[in-house]
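Please read this briefing alongside the sequence and the structure.

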Amino acid sequence: MASKAPVHNIDESKLTVTKPKTKAVGIPAVVNSLKISLEQMGPLRSVQTLLAVNQVDGFDCMGCAWPEHEKRNAAEFCENGAKAVAEEGTRRRVTPEFFAQHSIEDLKTRDDYWLGQQGRLTHPMLLAEGATHYTPIEWDAAYELIAQEMKEMDHPDQAVFYTSGRTSNEAAFLYQLLVRGLGTNNLPDCSNMCHESTGSALVETIGIGKGSVSLVDLETASLIFVAGQNPGTNHPRMLSALEKAKKNGAVIISVNPLPEAGLLRFENPQTISGTLVGTQLTDDFLQIRAGGDQALFQGLGKYLLEAEAQGRKSPGLTTVLDHEFINHHTAGINEYLRCLEKVQWSEIVEATGLSLDQIKATGERLLASDATIVCWAMGLTQHKHSVSTLRDVVNVLLLQGNIGKPGAGVCPVRGHSNVQGDRTMGIFEKMPQAFHDRLDQEFKFLSPRKHGYDTVAAIRAMRDGKVRVFIGMGGNFVRAAPDSEVTERALANTDLTVQISTKLNHSHVSTGRRALILPTLGRTEKDAQRTGDQRVTVEDSMSAVHASRGRIKPASEHLHSEVAIVCNLAHKLFTDSDNLPLPNTPKAAWLSMKDDYSLVRKHIEAVIDGFENFEERIQHPGGFVLPHPPRDTRQFETASGKARFTGNELEFIKVPEGRLVLQTLRSHDQYNTTIYGKDDRYRGIHGGRRVVLVNEADIAELGFRDGDMVHLISEFRGTERRADNFRIVSYSTPKGCAAAYYPETNVLVPLDSVADTSGTPTSKSVIVRLERAEA
């Protein structure tokens, strides 16, 4: 029996505000996890799923990409992981009858929370051209419709293939093979909008776009920076690792415009003492201005160099700098030194909003550390100067040799559970030549070398009429992308949009002239194919690859797995007697791979380094760790063969008078674009989401009061964008800075405001003004 879903959008008039929390997790998190699980799944289904989350013989949580130890707890999940599992394992269903009752125009009036709460999609659906409602379509007809649309394209670049980070390695590998077999590299993915700046900076400086640390490194580090990241909401299991680090003597420095409860005090529900007493995690909280992180790390590099000139030393070294490491393993330090010499302390103080004493005290923490890790997330990656910021993070680590030694390194914390694996599998619009060569050798074809569209370029191309077909495998493209109104119009400009999904979302109502919804299996569900129950694999934030196998009965007999959807479509395109007239297609046994995923893994093993004996190694309870030359042997696959110091001009956001710099963020009751509930209890926001957090002094100077209703107007190159009816909440944030939740504020993020080099939308540095609204 399906449970009842909410019948109303969030009523923002019922929003209340309380004092923010100063601690996270504990009993409230346990209670909320159980409450949501029971509401969505019922008692038996809750037990079946929650006890299998992140277990060696269970399924990988579809939430964040935080890794696990080989030895697991019985309850190896966090509150938001429980919410994600409950949303997928829900007994609520979105049937063809639901679509008969709700027109497209009706669904457009529903908010993200209402849409997501309706339940699991159960049947393929078609929105015909000019139709008011989706109607059922059979799978074969859906595949034929897609194939026919592609046959009518003038060239392969008229199709765009988006991917969410929840896609398995097997599905992602087959997806990119299909796309390249069609003849294009148009493979935008969610990483373009989050950690693309990370990849750009790390490939350039250390030769690989992945983090260099393990869980053991994090737990044994001397000093840990957590910069631009809120693990208490976005990666709660990280708090357990920070707790271990703290008990082992680590110093933790939080760098963030907002104080976050999870980094203040962590109450670990796995232990009695953790529940009753908790652990203070943060030693120093640096409440930095949005976009000031580059200035901070340039200041820290400057401080280390000054200490070196004074003849001081760091633990284990005769000087402050690790000259042996610098001389043998790095290049470019002179360029870096020249740039730092030009930077004045007054600029650093202005950019960061911190005092000189705070920055120098942080420098002293670096001097006292023999192993330093810098962790970061979107707060560092979504600015115009994000790549330069991360280069300067690497610069500071290189000065003291903090790459490739125990307890030290770079730790970008990824969001979606397999977003890193997708990139490893080839979901990227500009994969290196070596990948293409091995792909061609394995499948006896010539894959296209011309770079494809990333996410922003894909939106521009759709807007400009250059794309006829858009296919999204997972995710909620229209709500994840910037400049919401432009993105919606861009999708409407296509002939066909196809969404491969588990749940209803706004991408199903922002369509091309025709639209398909293809419902797919979730991670929690048994994947039974002709050769038996299948398993898939994922790669976590720390390069560990492990197996995932669903446990529960699928939500509908009409669901196809992502692997099956890709294989069936590829078979229709490349193998059917009425196939596309493409002489250059991959020679692959698509239907055999659909029946047996181990055949997919054999191909992955042949194409991608590090996957030798793939099938055998995923039998190990913890899977295996992919090679990482800087971490493993201090080898750097850069042009010089060495880690690269870089010189970067200091950039920071200068806010015009009467304006604020807005950062978008998540509430505690959401994961990415999925809204689980109406609250953000750690920040004291209850029953609503349309709030803007503003410094008390700014509120007064701008002529408002706490609780006033305002419209947010972003300003970029003479164009304004609006998000109406937000309540001002007086909050602890640096003067000149504000914060509000996405996806509601994605409408304010200009499509053409992107990070240099990476092209990531600048969602953490939106210049806005506030206009008074009626109460």
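How many bridges join E29 to E31, and do they run parallel or antiparallel? Four bridges join E29 to E31, and these two strands run parallel; strands count as paired if DSSP finds at least two bridges between them. This is a predicted model, in which local features need pLDDT of at least 70 and side-chain atom pairs count only at pLDDT 80 or more, while totals for chains, interfaces and linings use all residues. Residues are numbered from 1 along each chain as its sequence is written, and side-chain values use heavy atoms, with hydrogens and water left out.

**Overall form**

- The protein holds 31 helices and 33 strands, where helices (H or I, at least four residues) and strands (E, at least two) are DSSP runs numbered from the N terminus.
- For 775 residues, a compact globule would have a radius of gyration near 28 Å, and the 25 Å of the protein agrees with this; the radius is taken over C-alpha atoms, and the globule rule is 2.2 Å times the number of residues to the power 0.38.
- Taken along the principal axes, the box filled by the C-alpha atoms is roughly 75 × 65 × 55 Å.
- Of the 775 residues in the protein, 65% are buried, with buried meaning under 20% relative accessible area, exposed over 50%, and partly exposed in between (1.4 Å probe, protein chains only).
- Among contacts between residues at least 6 apart in sequence, 79% join residues at least 24 apart, a contact being heavy atoms within 4.5 Å.

**Surface and charge**

- The protein exposes about 27,600 Å², and carbon and sulfur atoms supply 50% of that area, as computed by the Shrake-Rupley method with a 1.4 Å probe, where for residues only the protein chains shown count as cover.
- The mean positions of the 86 positive and 96 negative charges are 2 Å apart; Lys and Arg count as positive and Asp and Glu as negative, while His and the chain ends are not counted, and the place of a charge is NZ of Lys, CZ of Arg, CG of Asp or CD of Glu.

**Strand E29 and its partners**

- In strand E29 (residues 691-694), Val-691 and Leu-693 point one way and Val-692 and Val-694 the other way, and all of them are buried.
- Besides its parallel pairing with E31, E29 pairs with E32 in the antiparallel sense over three bridges.
- Leu-693 has a bridge partner in each of these strands, namely Val-729 in E31 and Ala-739 in E32.

**Strand E14 and its partners**

- Strand E14 (residues 372-376) is mostly covered, with five of its five residues buried; Thr-372, Val-374 and Trp-376 lie on one side, and Ile-373 and Cys-375 on the other.
- Strand E8 (residues 223-227) pairs with E14 in the parallel sense over five bridges, and Leu-223 stands opposite Thr-372.
- Strand E15 (residues 409-412) also pairs with E14 in the parallel sense, over four bridges, and Gly-409 in E15 is the bridge partner of Ile-373.

**A buried threonine**

- Thr-381, which lies in helix H19 (residues 378-381), is buried, with a relative accessible area of 0%.
- Leaving aside neighbours within four places in sequence, the contacts of Thr-381 include Cys-194, His-195, Trp-376 and Thr-760.

**A three-stranded open sheet**

- Three strands form an open sheet of mixed pairing in the order E2-E10-E11; strand E2 (24-25) and strand E11 (279-280) stand at the edges with a single partner strand each, so one side of each is left without a neighbour in the sheet.
- Strand E10 (residues 265-267) pairs with E11 in the antiparallel sense over two bridges, and Thr-279 in E11 is the bridge partner of Phe-266.

**Backbone geometry in loops**

- Most residues other than glycine have a negative phi, and most peptide bonds are trans.
- The peptide bond from Tyr-742 to Pro-743 is cis, with omega near 10°, and Pro-743 is found in the loop between strand E32 (737-741) and strand E33 (766-772).
- Asn-672, in the loop between strand E26 (670-671) and strand E27 (674-675), has a positive phi near 50° and counts as buried at 16% relative accessibility.
- Arg-717, in the loop between strand E30 (709-716) and strand E31 (719-730), has a positive phi near 50° and is exposed, with a relative accessible area of 68%.
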